[in-house]
Amino acid sequence: MGPRVRIVTDSVADLPPDYADEHQIRVLPVYLTVNGQTFLDDGSLDRDWFYGQLDQVSERPTTAAPAPHEFQKVYEGLASEGAEEIIALFTASTLSSLYNHAVIAAQQFDQGRVHVVDTAQVSVGVGLQVMAAAEMVTRGEPVARIVERVEVLRKRTRILGVLESADYLRRSGRVRWGPATMAHLLRIKPLIGFYDGAAQSLGRVRTLLRGVRAIVERISTIGALERLAILHTRTNAEAVCHLQECLAARYPGTRAPVIDVGAVFAAHIGPGCLGVALIADDGATS
């Protein structure tokens, strides 16, 4: 028999596979359609091929949530392994039907209790909340306290980043704003934030390194951090190292893993992007 409490999330969370294995977290893969071919985002997709397709096809890749019966199958599988309660943490309901499908499946599930939480985040913003919940499960804390804690953390979780171009994000339909024509022609890079279920335009920069400095400046206004990670979509290695150095100087001793995000998130923001996901400390500025 497995643990009494289990966690499930979606593949958009970009949770490192070894971490998921260690904490027995079930990751439900999202569907990704590239150039007319549909794949499961289960880690088996050839990343080199995927990024090559992003540069070549006129139609941007699309993504789709699994149907409610697929969520129910996951819940049933966890119950068969001994789970009496399931904490389900999914990508922001403002971006995807993942949360709604998870709720429908939970309502039809009678083999245990499923606590479905809208993280109001995407990619590693989801992953950081999953990690916090998993560590509380490991410590044996009550499920109600874990759910309450995640609901607090989601208000302090954000992503900050610089995009190579806003075209991918605009074409995905996830935002209503896009680059002005002249800004696009001049190849000015947009700074974005993702907080509380919505993407926000934070300005523009001319180079990736200037984008790094802008990100670090914004993080500095937040104050102390509870969790921090660097995320990118096959971007410039020098810029990644520069961001690491800046963060190490600002937050000495803080571990900031570097995560090459999965194909689903990359499909919506494009290649060449660099940013951070963070959870602000209790006393930090929101």
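## Strand 13 and its partners

Two strands count as paired if DSSP finds at least two bridges between them. In this predicted model, strand 11 (residues 225-232) and strand 13 run antiparallel and are joined by seven bridges, with Leu 231 standing opposite Gly 275 in strand 13. Strand 8 (residues 157-162) also pairs with strand 13 in the antiparallel sense, here over six bridges, and Thr 157 stands opposite Ile 279 of strand 13.

Strand 13 (residues 274-280) is mostly covered, since seven of its seven residues are buried. In a regular strand the side chains alternate between the two faces of the sheet. Both faces of strand 13 are covered, with Leu 274, Val 276, Leu 278 and Ala 280 buried on one side and Gly 275, Ala 277 and Ile 279 buried on the other.

Another part of the model holds an open sheet of three strands, arranged in the order 4-3-5 with antiparallel pairing. Strand 4 (37-40) and strand 5 (62-64) stand at the edges, and each has a single partner strand, so one side of each is left without a neighbour in the sheet. If direction is ignored, neighbouring strands of this sheet are turned against each other by 25° on average.

Strand 3 (residues 31-34) pairs with strand 4 in the antiparallel sense over four bridges, and within this pairing Tyr 31 is found opposite Leu 40 of strand 4. Helix 2 (residues 47-56) lies across strand 3 and strand 4, and the helix runs at about 55° to strand 3.

## Aromatic pairs and charges over rings

A search of the whole structure finds four aromatic pairs. One of them joins Phe 50 and Tyr 51, whose rings are edge-to-face, 5.3 Å centre to centre and with 70° between the planes; both Phe 50 and Tyr 51 are buried. In the pair of Phe 71 and Phe 90, the ring centres are 5.3 Å apart and the planes stand at 75°, so this pair is edge-to-face. Phe 71 belongs to helix 3 (residues 68-80) and Phe 90 to strand 6 (residues 85-90), so the pair ties together parts that are 19 residues apart in sequence. Phe 71 and Phe 90 are both buried.

The charged end of Arg 158 sits over the ring of Tyr 195, at 4.4 Å from the ring centre, and the charged end of Arg 250 sits over the ring of Tyr 251, at 4.7 Å from the ring centre.

In soluble globular proteins, nonpolar side chains tend to be buried together. The largest nonpolar core of this model has 63 residues, and among these Tyr 75 and Phe 90 touch the most other members. Helix 5 gives the most to this core, with nine residues. A second, separate core has 23 residues, including Val 162, Val 212, Ile 215 and Val 276.

## Tyr 99 and its surroundings

Tyr 99 is found in helix 4 (residues 98-107). Leaving aside residues up to four places away in sequence, Tyr 99 touches Phe 90, Thr 91, Ser 93, Val 116, Val 117 and Asp 118. From C-alpha to C-alpha, Tyr 99 and Pro 68 are 9.8 Å apart in space, although 31 residues apart in sequence.

## Loop residues

The loop between strand 7 (113-118) and helix 5 (124-138) holds Gln 121, which counts as buried at 0% relative accessibility. Not counting residues up to four places away in sequence, the contacts of Gln 121 include Thr 91, Gln 129, Arg 158, Tyr 195 and Asp 196.

Most residues other than glycine have a negative phi. Ala 120 has a positive phi, near 60°, and this residue lies in the loop between strand 7 and helix 5, where Ala 120 counts as buried at 9% relative accessibility. Asp 196 likewise has a positive phi, of about 55°, although it is not a glycine. Asp 196 lies in the loop between strand 9 (189-195) and strand 10 (198-205), and at 39% relative accessibility Asp 196 counts as partly exposed.

Notes. Residues are numbered from 1 along each chain as its sequence is written. This is a predicted model: local features need pLDDT of at least 70, side-chain atom pairs count only at pLDDT 80 or more; totals for chains, interfaces and linings use all residues. Side-chain values use heavy atoms; hydrogens and water are left out. Rings of Phe, Tyr and Trp (its six-membered ring) pair if their centres lie within 6.5 Å; planes under 30 degrees apart count as stacked, over 60 as edge-to-face and the rest as tilted. Buried means under 20% relative accessible area, exposed over 50%, partly exposed in between (1.4 Å probe, protein chains only). Helices (H or I, at least four residues) and strands (E, at least two) are DSSP runs, numbered from the N terminus. A charge sits over a ring if NZ of Lys or CZ of Arg is within 6 Å of the ring centre and within 35 degrees of the ring normal. Axes are lines fitted to C-alpha atoms, for helices over the stretch in contact, and angles run from 0 to 180 degrees between N-to-C directions. Contact means heavy atoms within 4.5 Å. A nonpolar core is a set of buried Ala, Val, Leu, Ile, Met, Phe, Trp, Tyr and Cys residues joined through side-chain atoms within 4.5 Å.
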